[in-house]
Amino acid sequence: MAETGQRGGPGLTASGPAVRATDLRVVRGGRRGTLALDGVSLTVPTGALVGVLGPSGSGKSTLLRAVVGVQMITSGSIEVLGRPAGSADLRRRLGYVTQAPSVYGDLTVVRNLRYLGAVVGAPASDVSRVLAEVDLVDCADRRVDTLSGGQRSRVSLAAALLGTPELLVLDEPTVGLDPVLRRDLWDLFGRLRERGTTLLVSSHVMDEATRCDRLLLLRDGRVIADDTLPGLLARTGTSDADAAFLALVEDEPAAGRGGAR
């Protein structure tokens, strides 16, 4: 992996990358189960916004769960911020947003954030900050179960931002959102990256590749590309991320394995 991102983002620092995986394999469902990740090796540069792109079933969610330490791996290794993934001391250094909102529906937005902020040791002032960052100030006193799907997703994102984590791991945070909200969230991700936060963001929407410093393209649990968008387009002789992905698939036909989330 090159040391600079597509938009001139920071590269590998003296302290090393934010994430390093080596020959990572995950089999789900026992020895005869599904091979979800097949020998994945990668590095995520510190301070970069890296997109994990691929169709449903390519292994994106499994990879992100491995990064945050909630996925049992079969073999290989993965380090996060210089520590083995899942280490207790990483809990306050990274934020994780799952596809399904992970907040309490019977509490108001602000009570969710106050509680979750206390869990991670965030200062009380963080609640107001993250509400503003995700544009939910007007919904602060509403119960989460009265919000729209997009608003609930933003509550989960606000919770992940508490405590100013060094690494944000976001699993398809813009899925199902309207174009305006998608744009606003990507603008927020860009601002966080400019502050020095490392972001690992999965998506199956290829046009979001233009927002990323670097791209990891997955198919059938394998990394088929790890490059900047300009590098990927030059390598494949194509004009957009969709066409580049199709070109890579034609070069590396599917191995006939079942995919995983």
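Reply: By class, the lining of the largest pocket is made of 13 nonpolar, 6 polar and 2 charged residues, where Ala, Val, Leu, Ile, Met, Phe, Trp, Tyr, Cys and Pro count as nonpolar, Asp, Glu, Lys and Arg as charged, and the others, Gly among them, as polar. This is a predicted model, in which local features need pLDDT of at least 70 and side-chain atom pairs count only at pLDDT 80 or more, while totals for chains, interfaces and linings use all residues. Residues are numbered from 1 along each chain as its sequence is written, and side-chain values use heavy atoms, with hydrogens and water left out.

A pocket here is an open set of points on a 1 Å grid over the protein atoms alone, where a 1.4 Å probe fits and protein lies on both sides within 12 Å along at least five of seven lines; a lining residue has an atom within 4 Å of a point. The volume of the largest pocket is about 610 Å³, counted as the space filled by probe spheres set on the points. Its lining has 21 residues, of which R91, L94, G95, Y96 and V120 are the closest to the centre. At least two lining residues come from each of β6 (94-97), α2 (109-120) and α4 (149-161); helices (H or I, at least four residues) and strands (E, at least two) are DSSP runs numbered from the N terminus.

Rings of Phe, Tyr and Trp (its six-membered ring) pair if their centres lie within 6.5 Å, and planes under 30 degrees apart count as stacked, over 60 as edge-to-face and the rest as tilted. By this rule there are 2 aromatic pairs. In one of them, the ring centres of Y104 and Y115 lie 5.9 Å apart with the planes at 70°, so this pair is edge-to-face.

Strand β6 leads on to an open sheet of 6 strands in the order β6-β7-β8-β3-β9-β10, with mixed pairing; two strands pair if DSSP finds at least two bridges between them. At the edges stand β6 and β10 (222-227), each with a single partner strand, so one side of each has no neighbour in the sheet. From one strand to the next, the twist averages 15°, with axes fitted to C-alpha atoms (for helices over the stretch in contact) and angles from 0 to 180 degrees between N-to-C directions. Strands β3 (residues 49-53) and β8 (residues 198-203) run parallel, joined by 5 bridges, and L53 stands opposite S203 in β8. Helix α6 (residues 229-236) lies across β9 (214-219) and β10, at about 110° to β10, while helix α7 (residues 241-251) lies across β9 and β10 at about 45° to β9.

A further open sheet has 4 strands in the order β2-β1-β4-β5, with antiparallel pairing, and its edge strands are β2 (34-44) and β5 (83-84). Helix α1 (residues 60-68) packs on this sheet, touching β1, β2 and β4 (75-80), where contact means heavy atoms within 4.5 Å. Between β1 and β4 there are 5 bridges, and the bridge partner of R25 in β4 is S75.
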